[in-house]
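User: Hi! I would like to learn how to read a few local features in a protein model. Could you take me through them one by one?

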Amino acid sequence: MQFQQIRSATSIVTFGGKRFLIDPMLGPANEYPAVPDAPVAGTGNPTYDLPCPVESVLDVDAVIATHLHFDHFDEVAMNVLPKALPLFCQSEEEAAFLRTKGFEDVRVLSCEGTEFEGVTLFKTECDHGTSDEVTTIGYKMMQMSSEACGVVFKSEKENLTFYLAGDTVYCPFVDEAIARYMPQVIAVNAAGAQFPLGHALIMNQYDVQCLMQNHPNLDVIATHVEGVSHATVNRPLLRQFAQVKKLHRLYIPDDLETLSF
């Protein structure tokens with residue numbers, strides 16, 4: 001398999017011979033406002049421009065949207081993605097919305113597994129701040145869903161299993177997915193994003209450390225580390241932390257860098 005970091009949570013995963021565009025946020029810098037009542041890592045979102053032409057990320061076999069927050073599927077992506085591309089999402093509700101945007105082949109992920117041309121995709125659960133009452137109230141005030149999902153990739157063409165954990169803090173859902181699917185490689189969203197201030201939405205450096213202490217045989221990719229205004233972790237900070245804590249199996253790719261496993 002290959003994992004190409006694009007920007008923030010956006011990546012391209014090549015698995016079982018198929019290319020999957022993950023969580024496309026394709027707008028230019030500051031296209032969207034900063035997240036309110038949160039840490040300020042930039043004046044708007046995304047905090048910097050896409051590092052490549054938009055057209056260069058469209059040569060894929062399918063798209064996976066783990067949820068529909070702006071930093072995982074933005075308006076630019078909804079406009080420029082080919083409408084005939086297979087598009088996987090987490091729920092029938094989100095599928096119905098995506099069909100109103102003109103997407104012709106929307107498929108809903110399931111925990112039992114969804115087949116796609118020799119690759120089986122398994123939906124996993126996330127805690128995207130949903131166990132935090134303050135964040136839950138914040139979501140309601142913003143009229144935003146708190147639901148997100150991860151995805152496990154399996155294929156007879158690959159000698160490993162890959163787990164895209166999605167927007168989640170380190171929690172029992174992650175341990176349960178690792179125990180059930182026994183992945184060798186996991187990608188974690190590790191920007192330490194908060195909403196509101198002080199309330200975690202996804203993993204930070206300490207979540208990553210605990211995950212790796214509990215699962216020392218995993219290769220861990222840190223993605224979604226920069227690019228959003230409510231982040232508290234960046235790549236230099238995480239690299240220094242990994243060096244001090246001796247997290248030797250943690251990979252922190254630069255934008256457009258490709259990792260092979």
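Analyst: Happy to. Let's start with burial: buried means under 20% relative accessible area, exposed over 50%, and partly exposed in between, with a 1.4 Å probe and protein chains only. Cys 52, with a relative accessible area of 14%, is therefore buried. This is a predicted model, where local features need pLDDT of at least 70 and side-chain atom pairs count only at pLDDT 80 or more, while totals for chains, interfaces and linings use all residues. Residues are numbered from 1 along each chain as its sequence is written, and side-chain values use heavy atoms, leaving out hydrogens and water.

User: How many disulfides are there?

Analyst: In general, a disulfide is a covalent bond between the sulfur atoms of two cysteines. The rule here asks for a pair of cysteine sulfur atoms within 2.5 Å, and by it the count comes to 0 disulfides. Take Cys 149, which is buried at a relative accessible area of 0%. The closest cysteine sulfur to its own is in Cys 126, 6.2 Å away, which is too far for a bond.

User: Which residues of helix 4 are buried?

Analyst: First, the elements: helices (H or I, at least four residues) and strands (E, at least two) are DSSP runs, numbered from the N terminus. In helix 4, residues 172-181, the buried ones are Val 174, Ala 177, Ile 178 and Tyr 181. Down the helix axis they fall within an arc of 100 degrees, so they line one face of helix 4; the arc is that of the directions from the helix axis to the C-beta atoms. The face turned away from that buried side carries the exposed residues Pro 172, Ala 179 and Arg 180. Contact means heavy atoms within 4.5 Å, and the partners of the buried residues include strand 10 (119-125), strand 13 (185-189) and helix 5 (205-214).

User: Where does backbone geometry stand out?

Analyst: Most residues other than glycine have a negative phi, and most peptide bonds are trans. Met 182, which follows helix 4, has a positive phi near 50 degrees. Met 182 lies in the loop between helix 4 and strand 13 and counts as exposed at 59% relative accessibility. Glu 117 also has a positive phi, near 50 degrees, and is partly exposed at 48%.
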